[in-house]
Structure formats: C-alpha cells, structure tokens
There are 2 protein chains.
Amino acid sequence: MDGVLADIYGQLIRYELQSSGTELFRENLYGQDEIVAFPNGRTHANEKGFFRTAPVIEDAVDTLKELSQHYEIFIVSAAMEFPNSLEDKYHWLDEHFDFIPWKNIVLCGDKRVIRGDIMIDDHFKNLDYFDGTTLLFEQPHNSEKDNNGHRRVRNWKEIRDLLL
Amino acid sequence: MDGVLADIYGQLIRYELQSSGTELFRENLYGQDEIVAFPNGRTHANEKGFFRTAPVIEDAVDTLKELSQHYEIFIVSAAMEFPNSLEDKYHWLDEHFDFIPWKNIVLCGDKRVIRGDIMIDDHFKNLDYFDGTTLLFEQPHNSEKDNNGHRRVRNWKEIRDLLL
C-alpha cells in the first residue's frame with residue numbers, strides 16, 4: 001500500500017513542510033533510506049490523519065481496477081507499527097479503491113506470513129521472503145540498490161504492460 | 001483471535017443482556033451458527049469497545065506465552081468486516097498478550113492469504129484453505145459439525161499437550 005498505492009513520500013514532504021517549514025525535494029532523496037530522508041517521519045506516520053489524507057500514486061486506481069478483472073487482488077499493508085493508522089488505512093482504501101472488497105484487505109506487521117502468486121512491493125524485507133513472483137516498485141529509498149533478484153517496475157503503466 | 005483467544009460468546013451474551021434484557025445461555029447455543037444464536041451480533045460487533053472489552057478465553061495467555069518460547073506465533077484475526085474493531089483489537093492484544101510483538105499481528109478479511117505451519121481456528125472457512133496442520137478450536141457454532149479433516153481441540157490445555 002505505502003509506496004505502491006499511497007504516495008507516502010509526497011505526504012511526508014507535505015507534513016515536514018507544515019511542521020518545520022523545511023521543504024524537501026523528492027529528487028534529493030534518491031538512494032537514502034526513508035528514516036534518513038525523513039527524520040521526523042515516524043512521528044508524522046503515527047499521527048491520526050496521516051495515512052487517511054495521503055495522495056494516491058499515479059495510475060494506481062485505474063490500473064488496479066483493470067487488473068481486478070483478471071486477478072484476485074489483496075491489499076497487504078505493514079500497518080501494525082502505527083496503530084493509529086489502522087482505521088485510517090481502511091477508510092483510505094474504501095475511498096480510493098472501493099472495488100477491492102474488505103475481505104481482500106490485510107493490515108499486518110511482517111509480510112512473511114503472506115502467500116500469493118505475485119507481490120508488488122517497494123521493500124526488499126517483504127519481497128525477499130515471498131514465494132511467488134516479485135515486482136519491486138521503485139521508490140527513492142530503493143532506487144540505487146541492487147534489484148536482489150526482483151524485477152523492478154517504475155510505475156503502474158509498466159505493471160499494466162507486464163500483467164495484462 | 002475471536003473464539004480462540006477472545007471469548008466472543010461471553011461478550012455477545014453480555015451485550016445482548018445489556019441491550020435487550022434477553023439472557024442467553026451458552027449451553028443452549030450448541031449447534032447453532034453464530035448469526036442464528038445472536039441475531040443482533042453483527043450490530044454489537046461493530047460497536048466501538050466491543051472487542052476492546054472482550055474477556056480472554058481460559059488458559060489462553062499462559063499457554064500462548066509458553067508456546068511462544070518454542071514457536072513463532074502470529075495472531076491472525078478476520079477483523080476487516082468490522083472496521084471499528086481494528087484499533088480495539090490491536091489494543092486488546094497489547095493489553096493481554098503483550099509478549100506478542102506488533103510484527104506478528106495480522107488483521108485481515110479472508111485468511112486464505114495466510115501461510116504458516118499450524119493454524120488454530122474455530123471456523124472451517126479458515127482452516128479448510130490452510131496448507132499446514134489445522135486445529136479446530138471448539139465453539140458452540142462448530143460443536144455439532146463434522147471435523148472435516150481437522151483435529152478438534154476443546155481448550156488451551158489440550159493445545160498445550162499437543163504442541164509442547
């Protein structure tokens with residue numbers, strides 16, 4: 001969800017500007033881990049409303065809707081670190097991805113417990129343990145790292161071309 | 001979680017008594033599906049606080065704590081039908097099972113997406129799709145049904161004897 005459907009970088013940049021007046025630019029954050037790029041990120045991520053008002057990543061809604069005609073899609077989010085996010089994430093999905101039924105939403109801690117055929121994720125810690133096909137969704141924090149055996153995709157149009 | 005760690009029957013009986021004055025007795029509910037046994041159950045389950053104040057099933061805490069010395073335990077709860085329950089369930093687990101780290105909590109809709117070695121659950125709809133060993137935790141709604149290939153356990157002492 002975060003970094004694949006929800007534009008968490010955009011949201012963190014917005015929160016940082018609002019709270020400290022510091023303006024960060026996405027293009028300066030390439031190659032940095034999120035914790036380095038956003039020292040106040042964990043504080044913001046635990047605020048009620050942070051995930052509820054996050055922008056949607058470009059083409060995610062249309063592509064996922066199209067994919068859902070051909071695949072059974074589960075939205076799996078590592079949300080448990082931020083308990084204040086749980087209901088926000090549910091309602092965010094209900095607003096933007098209302099074609100995904102509640103049965104297919106998973107809010108978890110560690111994604112090692114998830115099975116499926118294809119996993120699209122921006123973090124190696126999730127993809128590395130997955131049994132099926134893996135797609136590494138590019139985000140600044142993984143942009144300068146080795147693919148580690150995963151296929152890198154840069155946007156939802158690429159995913160569409162691969163999977164449809 | 002529900003019907004295995006949390007005594008949802010006890011909580012539904014309490015809510016029914018408080019809301020309508022009707023006193024239900026667990027022993028009269030054997031063999032009935034929950035939806036039949038508790039016609040107002042879905043309404044109660046969607047109230048804030050319902051899952052937060054549920055009683056814990058006997059011996060669940062001590063046994064799970066002991067098991068956690070030998071197994072990696074994930075708590076997987078089909079919570080998504082009741083979005084008001086999400087944060088309540090997180091905080092309930094944090095109160096009663098604080099030895100389970102947040103990384104090992106999963107709140108989902110459909111448990112078909114879960115993998116693991118052993119699943120303990122009171123519902124066939126969850127156990128029937130699981131790839132590993134399955135333990136059917138007895139609750140009134142499943143008490144008169146065929147085991148459907150799962151091993152039936154009646155309480156946490158039985159689970160302790162099986163797994164330790």
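Author: A definition to begin: a crossing is left-handed if the near helix is turned anticlockwise from the far one by less than a right angle, and right-handed if clockwise. Helices (H or I, at least four residues) and strands (E, at least two) are DSSP runs, numbered from the N terminus. This is a predicted model, where local features need pLDDT of at least 70, side-chain atom pairs count only at pLDDT 80 or more, and totals for chains, interfaces and linings use all residues. Residues are numbered from 1 along each chain as its sequence is written, chains are lettered from A and ligands numbered from 1 in written order, and side-chain values use heavy atoms, without hydrogens and water.

Reader: Is the crossing of H5(A) past H5(B) left-handed or right-handed?

Author: Helix H5 spans residues 85-96 in chain A and in chain B. The two axes lie 8 Å apart, at about 155°; axes are lines fitted to C-alpha atoms, for helices over the stretch in contact, and angles run from 0 to 180 degrees between N-to-C directions. H5(A) is therefore roughly antiparallel to H5(B) (under 35 degrees counts as roughly parallel, over 145 as roughly antiparallel, 65 to 115 as roughly perpendicular, the rest as oblique). The crossing of H5(A) past H5(B) is right-handed.

Reader: Which residues of H5(A) and H5(B) make the contact?

Author: Contact means heavy atoms within 4.5 Å. By class, this contact has 4 nonpolar, no polar and 2 charged residues (Ala, Val, Leu, Ile, Met, Phe, Trp, Tyr, Cys and Pro count as nonpolar, Asp, Glu, Lys and Arg as charged, the others, Gly among them, as polar). The residues are A:Leu86, A:Glu87 and A:Tyr90 with B:Leu86, B:Glu87 and B:Tyr90.

Reader: Which three residues of chain A supply 29% of the area that chain A buries against chain B?

Author: Across the interface, 25 residues of chain A touch 25 of chain B. The buried area is about 2,600 Å², with 57% from carbon and sulfur atoms (the accessible area, 1.4 Å probe, that two parts lose on being put together, summed over both). The three that supply more than any other three are A:Glu87, A:Val113 and A:Arg115.

Reader: Within chain A, are H4(A) and H7(A) roughly parallel or roughly antiparallel?

Author: H4 covers residues 60-67 and H7 covers residues 156-163. Their axes come within 9 Å and cross at roughly 15°. H4(A) and H7(A) are therefore roughly parallel.
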